[in-house]
Amino acid sequence: MQVSETLNEGLKRGYQITVAASDLDAKVNEKLVEAQPEIEMKGFRKGKVPMALLKKQFGPRLLGEAMQETIDDAMARHFEATGDRPAMQPEVKMTNQDWKEGDDVVVDMTYEALPEIPELDMKGVVLERLVVKAADSDIDEALQSLAKSSQTFADRDAGAAAENGDQVVIDFLGKIDGEAFDGGAADDYPLILGSNSFIPGFEEQLVGVKAGDAVDVKVAFPADYGAENLAGKDAVFECKIKAVKAPQAAEINDELAKQYGADDLAALKAQVAERMEGEYTGAARQIMKRALLDALDTRVSFDLPPSLVEAEAKQIAHQLWHEEHPEVHDHNHGETEVTDEHTKLAERRVRLGLLLAELGRKAEIEVTDAELTQALMNQARQYPGQERQFFEFVQQNPQMQQQLRAPLFEDKVVDYLFELAEIADKNASKDDLQTAIDALNED
């Protein structure tokens, strides 16, 4: 087997691999000898089938396997010897298309090598970490929200009209063209006016009703309604108002605290403060991470694999196009245009991605199976009732596993770099933090 260089320009590499026909024949014979003891064939005892007959029967299929294994072995030895790491899967093409058994096999292998990444000097990298404490006013506001979500409803005075936000208890019967339809009836249904839990236009017509009223609510089902037999149809709901109830917010006291698993109100306040400050810490970390990446971007310079930059720029253009056209949920649209701005952003992402990957490799940073499983479980919670199916799907899909593993790895590398940088804490308000987050989103 011979390997000769055909291209060496920048990060682009090309090699021609020639596998001698005699080497292939020897590998086929090796496979046949290995398999011979287990082969049975009519007219021969197990393991006694002549080699010539085996070669005639199985040789062509084994020849294909031998070719693939030999070429894969040549590529592996090449990368081990040169130290090259391909940026993407190498392209391998057979050059002698008129090949026939007995000929040498000649293939061309081309790829872009990952660049040599210079050592990173973190000396002088100073990062600011915003430290925000939960204000008493914010804690009180959160408690009021909890109390509102724990509200109950009490009957209004006799003859009182229903207001938006009230709960009306109703019996209703829906009809289309005078005929009742399936799923269009209920008794003692508690409907909160303004909750938008019914089809558009329904709840608004019940504002002002009183207990004991009978009201016909006239509505039209949306054209995209889930039930085809109802979509776009006009309907009349015969409603009997059985009660009108006003919302009663829960009192902010120890009883409310116990509803949320706290021993008393003081413990609930502590929990609320801890949750808020955890969110503030997460936001502050994102701001500090951006500052770190900005610092890294100015401290390293190396050649970038064009294929990676091109692929990333296309992905950015495609993502931004969908953000500008949120009504399009599939990919049945024309090719998105890649601009210089997309390419510039792609270069930054590829450069930082390669740098973080190399730093993580040198620091022997890994994502453990336990960390990956925890991330998988967190993601599965987004699919209520289908958690098991999602979990099994990802377990059988290496690409999905990599999509989960990549951000975990990046965060671990970023934490490692935080330890190497100088970090200065700065007390800040929630508004200061929000301003900094808004500035990130604008970039």
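Let me start with the negative surface patch, which is formed by Asp254, Glu255, Asp263 and Asp264; a patch here takes residues with over 30% relative accessible area and no salt bridge, with like charges joined within 9 Å, and the areas come from the Shrake-Rupley method with a 1.4 Å probe. Of these residues, Glu255 sits in helix H4, residues 254-259, a helix being a DSSP run (H or I) of at least four residues.

This is a predicted model, in which local features need pLDDT of at least 70 and side-chain atom pairs count only at pLDDT 80 or more, while totals for chains, interfaces and linings use all residues. Residues are numbered from 1 along each chain as its sequence is written, and side-chain values use heavy atoms, with hydrogens and water left out.

Turning to the salt bridges, defined as a side-chain nitrogen of Lys or Arg within 4 Å of a carboxyl oxygen of Asp or Glu, the count comes to 30. One of them joins Arg85 and Glu358, at 3.1 Å from N to O; because Arg85 lies in the loop between helix H2 (51-82) and strand S3 (91-94) and Glu358 in helix H7, the pair ties together parts 273 residues apart in sequence.

A cavity is a set of points on a 1 Å grid where a 1.4 Å probe fits but cannot get out, whereas a pocket is an open set with protein on both sides within 12 Å along at least five of seven lines, and lining residues have an atom within 4 Å of a point.

The largest pocket, finally, has a volume of about 1800 Å³, and H7 gives the largest share of its lining, 13 residues.

Note on methods
Patch = residues over 30% accessible without salt bridge, like charges linked within 9 Å, V, L, I, M, F, W, Y side chains within 5 Å. Lys, Arg positive; Asp, Glu negative; His and termini not counted. Charge placed at Lys NZ, Arg CZ, Asp CG, Glu CD. Helix = DSSP H or I, 4+ residues; strand = E, 2+ residues; numbered from the N terminus. Points joined across faces, edges and corners; volume = space filled by probe spheres on them.
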